[in-house]
Amino acid sequence: MVESKRERAFVTGVTIFLILFSIAAIVPLLSVISTSFSSKSVVDMNLVTLWPKEFTLDSWKYIIDRPDLWKSFFLTVGTTVIGTVLALLMTALFAYPLSKSEFRWGSVIMVCVVIAMIFKAPIVPYFLTVRSIGLYDNPLVLILPHILNPFNLIIMRTFFKQFPKELEEAAFLEGCGYFRMLFHFVLPLSKAVMATLALFYGVVLWNQFQHPLFFLQDTNWFPLQIKIRQFITDDSVMMAGAASTVDLNYNERTLRAATVIFAIIPIIIVYPFLQKYFVKGAMLGSVKG
């Protein structure tokens, strides 16, 4: 099919815009990476741009040797993995019956879901509710409040509504119940939407900052993002246990840069494996209402 001049101009304009937007997004990241691998002298003189100068691994060696950072890292990894699995399970168990027209209360529940999505709970009542159920200063607060998201629920429900009814009817004739149908047939055929929502839930759980800041006081339960905040804002925490910086080739700025990159590496590693499902799942979940 031959494109018109207007269509070619539109595609060209969008391509240029996306290239410029990508450059604007990646330049700050490259600057932080370069700082983490540069010596303290060139960083102090603000000579680092998009490429490391006087390359050194001293900042990374110091960060990797911090046991408190690794403790927060593994805590965040654990809450992200467990929370994502529980969130997908709860979302599927909730979305599957809501996708059935024969479910009598489905429309009423969906109205409540939409209201919950549009109108967020005020902070003070939310804080009091979470505290009243015993989650204050409890590591479970990093998982339980995030295992069901209304927007993700709507996406999965819409995807399930497109599932072939003939396959379900054939399975029911063979003696399948709803639970067996969901876990043996529907979910294995829903990899696209499951991968998409896994990415949604995983990013929220990995990057949560304000939530643990409200509910956690014990520093032993601080997730990675709170620990990074301590590193960035408190030099005494950053340099705790460090040898004299006169003899080593790092300072607070290079250590902060290394810590930030350390925190985003897992998401960068995981995203390419889910990318092929991401657009497909989001599109499939938005065709029907």
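Figure 1. Helices here are DSSP runs of H or I with at least four residues, strands are E runs of at least two, and both are numbered from the N terminus. This is a predicted model, so to speak of a local feature takes a pLDDT of at least 70, and side-chain atom pairs count only at pLDDT 80 or more, while totals for chains, interfaces and linings use all residues. Residues are numbered from 1 along each chain as its sequence is written, and side-chain values use heavy atoms, with hydrogens and water left out. Of the 289 residues in the protein, 37% are buried (buried means under 20% relative accessible area, exposed over 50%, partly exposed in between, with a 1.4 Å probe and protein chains only). Take the contacts with a separation of 6 or more: 72% of them are between residues 24 or more positions apart. A contact means heavy atoms within 4.5 Å.

**Figure 2. A nonpolar patch sits on the surface.** Its members include Ile 16, Ile 19, Leu 20, Leu 50 and Ile 268, and the patch has about 820 Å² of accessible area together. Areas come from the Shrake-Rupley method with a 1.4 Å probe, and for residues only the protein chains shown count as cover. To join a patch, a residue needs over 30% relative accessible area and no salt bridge; nonpolar side chains (Val, Leu, Ile, Met, Phe, Trp, Tyr) are joined within 5 Å, like charges within 9 Å. A salt bridge, in turn, is a side-chain nitrogen of Lys or Arg within 4 Å of a carboxyl oxygen of Asp or Glu. Helix α1 (residues 5–36) gives the largest share of the patch, eight residues. Ile 19 belongs to that helix, α1, and counts as partly exposed at 46% relative accessibility.

**Figure 3. Trp 70 and Phe 262 make an edge-to-face pair.** The structure holds 17 aromatic pairs. Rings of Phe, Tyr and Trp (its six-membered ring) pair if their centres lie within 6.5 Å; planes under 30 degrees apart are stacked, over 60 edge-to-face, and the rest tilted. Here the ring centres are 5.2 Å apart and the planes stand at 90°, so the pair is edge-to-face. Trp 70 lies in helix α4 (residues 67–98) and Phe 262 in helix α14 (residues 252–284), so this pair links parts of the chain 192 residues apart. Trp 70 is partly exposed at 27% relative accessibility, whereas Phe 262 is buried at 8%. Both also belong to one aromatic cluster with Phe 73, Phe 74 and Trp 206.

**Figure 4. Tyr 96 and Phe 160 also pair edge-to-face.** Their centres are 6.0 Å apart, with 80° between the planes. Tyr 96 is in helix α4 and Phe 160 in helix α7 (residues 150–161), so the pair ties together parts 64 residues apart in sequence. Tyr 96 and Phe 160 are buried.

**Figure 5. Ser 39 is tucked away, buried with a relative accessible area of 0%.** Its side chain makes a polar contact of 2.6 Å with that of Glu 54. A polar contact is a pair of N or O atoms within 3.5 Å; within protein, one must be able to donate a hydrogen and the other to accept it, and residues adjacent in sequence count only if both atoms are side-chain atoms. Leaving aside neighbours within four places in sequence, Ser 39 touches Lys 53, Glu 54, Thr 56 and Asn 249.

**Figure 6. Met 117 sits in helix α5 (residues 106–118).** Met 117 counts as partly exposed, at 27% relative accessibility. Beyond its neighbours within four places in sequence, Met 117 is in contact with Pro 150, Phe 151 and Ile 154.
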